[in-house]
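Please have the display in view while I talk.

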Amino acid sequence: MDFYEVINRRRDVRAEFTGEPVDDDVLRRVLGAAHAAPSVGLSQPWDFVIVRDPVTRKAFQHHVASERETFADQLSGERASTFSRIKIEGILESTLSVVVTYNPAKGAPAVLGRHAIADAGLYSVCLAIQNLWLAATVEGLGVGWVSFYREDFLRDLLNIPASIRPVAWLCLGPVSRVHDVPDLERHGWRSRLPLEAVVHQERFV
Ligand SMILES: Cc1cc2nc3c(=O)[nH]c(=O)nc-3n(C[C@H](O)[C@H](O)[C@H](O)COP(=O)(O)O)c2cc1C
């Protein structure tokens, strides 16, 4: 696939996972792409926890369902009815999950480039996630980012130390199809802005 085709083909997937196996070599290439991401001070502050156990996934899905309700309770009218039609995760339908974490102690204390912007470590983890997402797209796999969770719940579930932040629960696996239009746009939740709306010349305002 051409690079820009990959960029535009990448989708957040929820309903289209088939649950078919993912080849170990493919998974290794996808994780290798994530691990090749740039990072502040070359700190490489990420870790990847592969979750296949259905019991663990069921427990997480249960938690996500309750967080979905928490969010839904904040909505009313059209927003509430639109949200009720949107699927927000494919935790059990996908083949496996990859939980990506951020460890600020990696490369510390002198992380080159992080002294003024603590979040630069977190930005690095997000770049690893984007690499993973694009590599999975090239491999014909879907990825669905789930963020309807409390960090402490996920720490407890996966035995993640208190000093390490879970950044993403990613559902991963083969898919029956990839939509051209993001789910949220198809369901009328929100649309992608035109490029002109976000590009500024010389000054922000
Ligand atoms: C930080 C982050 C968190 C997200 N959390 C969720 C989520 O919990 N559930 C979900 O269905 N999609 C989630 N998404 C996916 C977005 O809804 C999706 O990227 C957006 O609607 C654009 O669609 P596309 O990725 O298919 O282009 C998340 C995406 C990001 C970047």
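Leaving out residues up to four places away in sequence, V111 touches V40, G41, S43 and G121, where contact requires C-beta atoms, placed from the backbone, to lie within 7 Å. Before I go further, this is a predicted model, in which local features need pLDDT of at least 70 and side-chain atom pairs count only at pLDDT 80 or more, while totals for chains, interfaces and linings use all residues. Residues are numbered from 1 along each chain as its sequence is written.

V111 sits in the loop between strand 2 and helix 5; helices (H or I, at least four residues) and strands (E, at least two) are DSSP runs, numbered from the N terminus. Is V111 buried or exposed? V111 is buried, because 21 other C-beta atoms lie within 10 Å, and the cut-offs here are 20 or more for buried, 12 or fewer for exposed, and partly exposed in between, with C-beta atoms placed from the backbone. Although V111 and S43 are 68 residues apart along the chain, their C-alpha atoms are separated by 6.8 Å.

Turning to the sheet, 4 strands form an open arrangement in the order 1-2-4-3, with antiparallel pairing, and two strands count as paired if DSSP finds at least two bridges between them. Strand 1 (46-51) and strand 3 (141-146) are at the edges, each with a single partner strand, so one side of each has no neighbour in the sheet. From one strand to the next, the twist averages 25°; axes are lines fitted to C-alpha atoms, for helices over the stretch in contact, and angles run from 0 to 180 degrees between N-to-C directions. Strand 3 is joined to strand 4 (residues 165-174) by 6 bridges, and L141 has P174 as its bridge partner in strand 4.

Helix 5 (residues 120-138) lies across strands 1, 2, 3 and 4, running at about 155° to strand 2 (96-102).

That brings me to the largest nonpolar core, which has 31 residues, such a core being a set of buried Ala, Val, Leu, Ile, Met, Phe, Trp, Tyr and Cys residues joined through C-beta atoms within 7 Å. Those with the most contacts inside it are V100, I129, L132, A136, V143 and L170. Helix 5 gives the most to this core, with 8 residues. As for V143, its contacts beyond four places in sequence are V13, L132, W133, A136, L170, C171 and L172.

Note on methods: Two residues are in contact if their C-beta atoms, placed from the backbone, lie within 7 Å.
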